[in-house]
Amino acid sequence: MARFVLGIGGYMGSGKTLAGRFFESKGALFIDADAVVSELYQPGRDGHRKIVNFFGEEFLKKDGQIDRAKLGKFVFSDPNKLKILNHTIHPLVTNEIQKKLDAAGDRFVVIEASYFEPQQLGRFIDALLWIDCRLDLLLRRALERPGMTEKRFRSILLTQIKPEKVDYRLKNEGNEEDFYAALEEVRQKMKLD
């Protein structure tokens, strides 16, 4: 089988990570773009250097780590700042994911991300799964995250854009068993086995 790459998209709180872990349990290589960002933000890495050079040392914690909560609050309050951050970090993320894909060989890969721009992560995927969810549920799930507020959630939500082309779509508004059953249906439709 040739390598097949499925992108998993959805708004914050939709269940993208849960879906990624489901496919991982079925043998897929799961790449979480946010985890890649976390790696790039480590001291000594390119992402860390770029954040400090562009945004300043005020976004560092006392231990030298990037203060992601503070940076997020700063950029999600201003679309231009977010655009600058994305232009600074997305090429690095794309590069790291390219390395992971090169190492994956011919296997099923899922990439969880908020953005699948055609020139960046979008160029890697063969199909996109979009997970829909009601706004009240998205909010409730997002508020379970440390440091999340309703105001911050709403400002992040405004930056997350549903792509025009989606190959698979499902809702995650019930329990985990129902969600896993729906994901298994998607997996069967892809005929990867």
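Mentor: Start with β1, residues 4-10. In this predicted model, 7 of the 7 residues of β1 are buried, so the strand is largely enclosed by the rest of the structure. Side chains in a regular strand alternate between the two faces of the sheet. Take the faces of β1 in turn. One side holds Phe 4, Leu 6, Ile 8 and Gly 10. The other holds Val 5, Gly 7 and Gly 9. Both faces are covered.

Now the partners of β1. Strands of a sheet pair through backbone hydrogen bonds, either parallel or antiparallel. β1 and β3 pair in the parallel sense, over 5 bridges. In that pairing, Gly 7 has Ile 111 of β3 as its bridge partner. β1 is also joined to β4 by 5 bridges, and these two strands run parallel. Leu 6 has Ala 127 as its bridge partner, and Gly 9 stands opposite Trp 130.

Move on to β4, residues 127-132. This strand is mostly covered too, with 6 of its 6 residues buried. Ala 127, Leu 129 and Ile 131 sit on one side. Leu 128, Trp 130 and Asp 132 sit on the other. Both faces of β4 are covered. Note that Asp 132 is among the buried residues. β4 is also joined to β5, residues 168-171, by 4 bridges, and the two run parallel. In β5, Tyr 168 stands opposite Leu 129.

α2 leads on to α5. The axes of α2 (residues 33-40) and α5 come within 10 Å and cross at roughly 110°. That makes α2 roughly perpendicular to α5. From α2, the contact uses Ala 33, Val 36, Val 37, Glu 39 and Leu 40. From α5, it uses Ile 89, Leu 92, Val 93, Glu 96, Ile 97 and Lys 100. By type, these residues divide into 8 nonpolar, no polar and 3 charged.

Glu 96 is found in α5, residues 79-104. Is Glu 96 buried or exposed? Its relative accessible area is 15%, and the cut-off for buried is under 20%, so Glu 96 counts as buried. Leaving aside neighbours within four places in sequence, Glu 96 is in contact with Val 36, Leu 40 and Arg 45. Val 36 and Leu 40 also belong to the α2 side of the helix contact.

Then α3, residues 46-55. Its buried residues are Gly 47, His 48, Ile 51, Val 52 and Phe 55. They cover an arc of only 130° around the axis, which puts them on the same side of α3. An α-helix has 3.6 residues a turn, so residues three or four places apart point the same way. On the other side of α3, Asn 53 and Phe 54 are exposed. The buried residues of α3 pack against α2, α4 and α5. After α3 comes Gly 56, whose phi is positive, near 105°.

Finish with α4, residues 68-75. Which residues of α4 are buried? They are Leu 71, Gly 72 and Val 75. Seen down the axis of α4, they fall within an arc of 100°, so they line one face of the helix.

To recap: β1 pairs with β3 and with β4. The buried residues of α3 pack against α2, α4 and α5.

Definitions and conventions:
Residues numbered from 1 in each chain as written. Predicted model: local features only at pLDDT ≥ 70, side-chain atom pairs only at ≥ 80, totals over all residues. Heavy atoms only, no water. Buried < 20%, exposed > 50% of the residue type's maximum accessible area, 1.4 Å probe, protein only. Contact = heavy atoms within 4.5 Å. Axes fitted to C-alpha atoms, helices over the stretch in contact; angles between N-to-C directions. Parallel < 35°, antiparallel > 145°, perpendicular 65-115°, else oblique. Nonpolar A, V, L, I, M, F, W, Y, C, P; charged D, E, K, R; others polar. Pairing = 2+ DSSP bridges. Arc of directions from axis to C-beta.
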